[in-house]
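Subject: Structure handover

Hello,

Here is the structure you are taking over. Please open it beside this email and follow along as you read.

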Amino acid sequence: MWDKLTFSHGVHPPEHKDLSSGVPIRRMPFPEEIVLPLRQHAGKPAKLLVRVGDRVERGDKIAEADGFVSVPIHASAAGEVVGIGWWPHPDGSMAEAVRIKVEKFSPQIPRPRVIPRWEGLDPQQVVAAVQKGGVVGLGGAAFPTHVKLLPPKDTPIETLLVNGAECEPYLTTDHRTMVEYPERVWFGVRIMMKALGVERAVVGIEKNKPDAIEALARTRPDDLNAEVIALTVKYPQGAEKMLIKAVMGREVPSGKLPMHVGAVVQNVGTIACIAEIFETGLPLIERVVTVTGPGVNRPGNLLVPVGTKIRDILAFSGGMKENVTEVISGGPMMGAAQPDLDAPVTKGVTGIVILTDKESRARDVYPCIRCGHCLDACPMFLNPSLMGSLAQTARYQEMVDRANLWDCMLCGACSYVCPSNIPLSQMFGLAKYQLGRLRRKESAA
Amino acid sequence: MTDRNLQMDPEDRLLLTASPHLKSPDSTPKIMWNVVGSLVPIIVVAVYYFGPSAIMVMLASILGAVGVEWLFGKKKSLWDGSAAITGILLGLCLPAGFPLWMAFVGGGFGIAFGKLVFGGLGQNPFNPALVGRAFLQAAFPTAITTWPSTAMEWGAWRGANLSIPLLTGEAPDVITSATPLGLWKFEGQVTDLWHLVIGNTGGSLGETAGIVILICGGYLALRNYLNWRIPAGIFLTVFVFSEVLYLVNGEAFPPPFFMLFSGGLMLGALYMATDMVTSPVTNLGAWIFAAGIGVMVVLIRVWGGLPEGVMYAILFMNAFVPFINRATQPRVFGHFPEEKVKEARA
């Protein structure tokens, strides 16, 4: 194992992982109602297959993939479809969703299904099985996994990078998965290596998870050309480009994908999920969610059916404390604050972080004092100070031309360090959104 | 209903902000007041050497700076601490016997024309304290170069502190002594390094005790409240440049350690050049900026008409900061030099 592997710049917020890192994953009982948005992944939303009044079994497909960059969605509990309509989405917006009233006293046994035998499948069939299982990146971005497994012929892939960095503060889902199910992770790695046809796999884990590093190193199959690497604890170490830089020393060119430098990055949770498809035949209908933060009474790691409402999860976790100010789906650096606790946990929700008035950002904003701390924090080597002053006057196109706005991945490191509390990353997100809208308008006209 | 298990209805008070939701504990006022706090030992030393006059001069310049900020600054901008820093720093680079009304005017001028006319905190190209001092140097060249000796009785006034505007008051009997730089420039005499380090020499209030300034500035550097590359770069440049000169001709040029510890170099390098607003945002830029100051200091001191050049060197380099920033932008991650134009992405 090497030491001191990392990228340049970045920040180190307090980790607060100890709240839940020692709590084993526990299955949460089925809630009364499940809400499954049709848009749970990047790409095109799934196409609806059910109608109100339909009865579904656990694991049944309720919406199918709409094109290549899309995945199907499966019922995560047996019950009756009671509504189809707009519902709060954990990314903070509204989305069309299927509501399923969960059948009481149901054994929740899925229909008998064929378990794919991975040894006999060729890569194409493995990839098809992954898409059929509705697998998306479980690290937060929710990008359909099978798309990453089909690189164009002219871009050879050398290395499968398994992302166990989990650099967001508070979150411990990947950590617990690695500690409790290391064999499953390795099984998933084996399948992925076959699907990609790569010779080498590297698991990158931040050093603050020694037990996870130990578990994976202990269970590593001897016949696999794979290694476990300890990474420096720094945010955003788990961003694809930063992980590739840290492990392989390569820089993904601007606007290009990791495959252009011979790497495919998959989150450990995603890999464990793929392993499960080939173990049980069950599609992605449940996931591990860290419920944590100083505002929740019983922090822990829960295995919940996809579509469980945040409200139910919080109730199961002992409720919230009095001084709660923010409920965040995902990590506190990149997650979305929730206006409505009826929003469900979708495939891409890594955690529910409950912050109190002590952690929430102060509201006083001061003028930029040009301290340059944001430049030292930006892992992409951008100039957030310049971009911020352009954003304040809505000069969005200039942000692209002069400051490479599109290279910003909205990691939030600049906003985190800014002593003047200027909402830099927040403004950059707005700028990207406005530019995107403008472009859609132009292409429509 | 499961939601009734929650004892309260929290949605009413949930914050809805965009990510990131965390913030480092540093804040602009915290940085500013930390700078003020770090100046306390320097102020104490100044009072030790120059007596009540030191307190009065600093108070006058602080009042001038803070008063103008309060009158004309943005709402609440007084509490961010930046005006207080300007006042203290200006006071620290004035001689002890300086007339109080002049110090007051200098503080006010620095804030008004060094900062507020540009739009307040963060907008000024030049260090406001140095703008104030440059103004005083131009307006009152005699008063600002009258250096009382540290050897006087502690409680005595060190000069015409209480003189009144437009009147030439009768100055009390004051023992004056030239600054080490003046001694070297006009009499070719090099002050003993030990005196420069502990500060019992002539000079401005806060610039004499080099070791104290180094420690105070070091504290700020450790907390990342100043970019250590700037003082390091200035010291390095001054040292190397004057070492070369000294090796060429030890008779005509001062020794490098004398250059480092004399005059306002310590205070200027650690507290004025490192002003975040008026120094480059990039680290490479900080080195260039520092090297520029170092070269200018030596040039002015050795070949200029004035014995001291730190103030003008910093102001001069302040003017280049926007250019330095533009020229030293780091290479963006994933952009390679051979790429001619960055690709327009949908």
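The buried residues of helix H6 of chain A are Glu240(A), Lys241(A), Met242(A), Leu243(A), Ile244(A), Lys245(A), Ala246(A) and Val247(A). Please keep in mind that this is a predicted model. The helix spans residues 240-248, and since eight of its nine residues are buried, H6(A) is largely enclosed by the rest of the structure. What do the buried residues of H6(A) pack against? They pack against four strands of chain A: S9 (159-164), S10 (200-206), S11 (226-231) and S12 (263-267). After the helix comes Gly249(A), which has a positive phi, near 70 degrees.

Strand S14 of chain A covers residues 300-305, and five of its six residues are buried, so the strand is largely enclosed by the rest of the structure. Strands of a sheet pair through backbone hydrogen bonds, in either a parallel or an antiparallel sense. S14(A) has examples of each. Strand S1 (residues 25-27) of chain A runs parallel to S14(A) and is joined to it by three bridges. There, Arg26(A) stands opposite Leu302(A). Strand S13 (residues 286-292) of chain A pairs with S14(A) in the antiparallel sense, over six bridges. In that pairing, Glu286(A) has Pro305(A) as its bridge partner.

Chain A also has an open sheet of three strands, in the order S3-S5-S6, with antiparallel pairing. Which strands are at its edges? They are S3 (47-48) and S6 (73-74) of chain A, each of which pairs on one side only. Strand S5 (residues 61-64) of chain A is joined to S6(A) by two bridges, and Lys61(A) has His74(A) as its bridge partner in S6(A).

Now the domains. The domain assignment of chain A gives domain 1, made of 17-21 + 117-280, and domain 2, made of 373-444. Taken over C-alpha atoms, the centres of domain 1 and domain 2 of chain A are 29 Å apart. Each of these two domains of chain A gives five residues to the contact between them. On the domain 1 side of that contact, four residues are nonpolar, one is polar and none is charged.

Chain B is built from 13 helices and has zero strands. Its C-alpha atoms fill a box of roughly 90 × 55 × 35 Å along the principal axes. Of the 346 residues in chain B, 52% are buried. Among contacts in chain B between residues at least 6 apart in sequence, 75% join residues at least 24 apart.

Ala156(B) is in the loop between helix H4 (128-139) and helix H5 (180-187) of chain B. Why does Ala156(B) count as partly exposed? It has 16 C-beta neighbours inside 10 Å, and a residue is buried at 20 or more and exposed at 12 or fewer, so a count in between is called partly exposed. Ala156(B) and Val174(B) are 18 residues apart along the chain, and their C-alpha atoms are separated by 9.1 Å.

Last, the two chains together. The contact between them takes 64 residues from chain A and 43 residues from chain B. The chain B side has 17 nonpolar, 16 polar and ten charged residues.

Regards

Definitions and conventions
Residues are numbered from 1 along each chain as its sequence is written. Chains are lettered from A and ligands numbered from 1 in the order in which they are written. This is a predicted model: local features need pLDDT of at least 70, side-chain atom pairs count only at pLDDT 80 or more; totals for chains, interfaces and linings use all residues. Two residues are in contact if their C-beta atoms, placed from the backbone, lie within 7 Å. Ala, Val, Leu, Ile, Met, Phe, Trp, Tyr, Cys and Pro count as nonpolar, Asp, Glu, Lys and Arg as charged, and the others, Gly among them, as polar. Domain bounds come from an automatic or database domain assignment. Two strands pair if DSSP finds at least two bridges between them.
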